[in-house]
Amino acid sequence: MKLNALKPYFPHAFKANSVKALIIGLLVYAVIAFVVGLVASLLGWIPVVGWLLRIVAWLVDIYAVVGVILAILVFLKVVQ
């Protein structure tokens, strides 16, 4: 199955053709989710900013999960 429309949005996921590239891709998505979650937790006490950051952190978490799933599927050669 080809998912050419997703390649610009998940660049590290579609480069996971070796174990090294898979680990790097997984780490990139984990670091992105961690940093955004950290910023959201540090600034979460500000009422309006906290709400917005929680929504952004939730969306970034979904992005990271989809990126990890795509990286694994590309590594297993289910998706090209």
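Q: What does Ala71 touch, leaving out residues up to four places away in sequence?
A: Ala71 touches Ala13, Ala16, Leu22 and Leu26 when residues up to four places away in sequence are not counted, contact being heavy atoms within 4.5 Å.

Q: And what should I keep in mind about the model and its numbering?
A: This is a predicted model, in which local features need pLDDT of at least 70 and side-chain atom pairs count only at pLDDT 80 or more, while totals for chains, interfaces and linings use all residues. Residues are numbered from 1 along each chain as its sequence is written, and side-chain values use heavy atoms, with hydrogens and water left out.

Q: OK, which residues make up the largest nonpolar core?
A: That core has 12 residues, namely Phe10, Ala13, Phe14, Ala16, Leu22, Tyr29, Ala33, Ala64, Leu70, Ala71, Val74 and Val79; a nonpolar core here is a set of buried Ala, Val, Leu, Ile, Met, Phe, Trp, Tyr and Cys residues joined through side-chain atoms within 4.5 Å. The elements giving two or more residues to this core are helix 1 and helix 2 (47-75), and helix 2 gives the most, with 4 residues. Helices are DSSP runs (H or I, at least four residues), numbered from the N terminus.

Q: Switching to aromatics, how many pairs turn up?
A: A search of the whole structure finds 2 aromatic pairs, where rings of Phe, Tyr and Trp (its six-membered ring) pair if their centres lie within 6.5 Å, and planes under 30 degrees apart count as stacked, over 60 as edge-to-face and the rest as tilted. The rings of Phe10 and Tyr63 have centres 4.8 Å apart and planes at 15°, so this pair is stacked. Phe10 lies in the segment before helix 1 and Tyr63 in helix 2, 53 residues apart.

Q: Is Phe10 buried or exposed?
A: Phe10 counts as buried, because its relative accessibility is 7%, and buried means under 20% relative accessible area, exposed over 50% and partly exposed in between (1.4 Å probe, protein chains only). Tyr63, at 28%, counts as partly exposed.

Q: What about the pair of Tyr29 and Tyr63?
A: Tyr29 and Tyr63 form an edge-to-face pair, 5.7 Å centre to centre with 70° between the planes, and the pair links helix 1 to helix 2 across 34 residues. Tyr29 counts as buried at 1% relative accessibility, and Phe10, Tyr29 and Tyr63 form one aromatic cluster.
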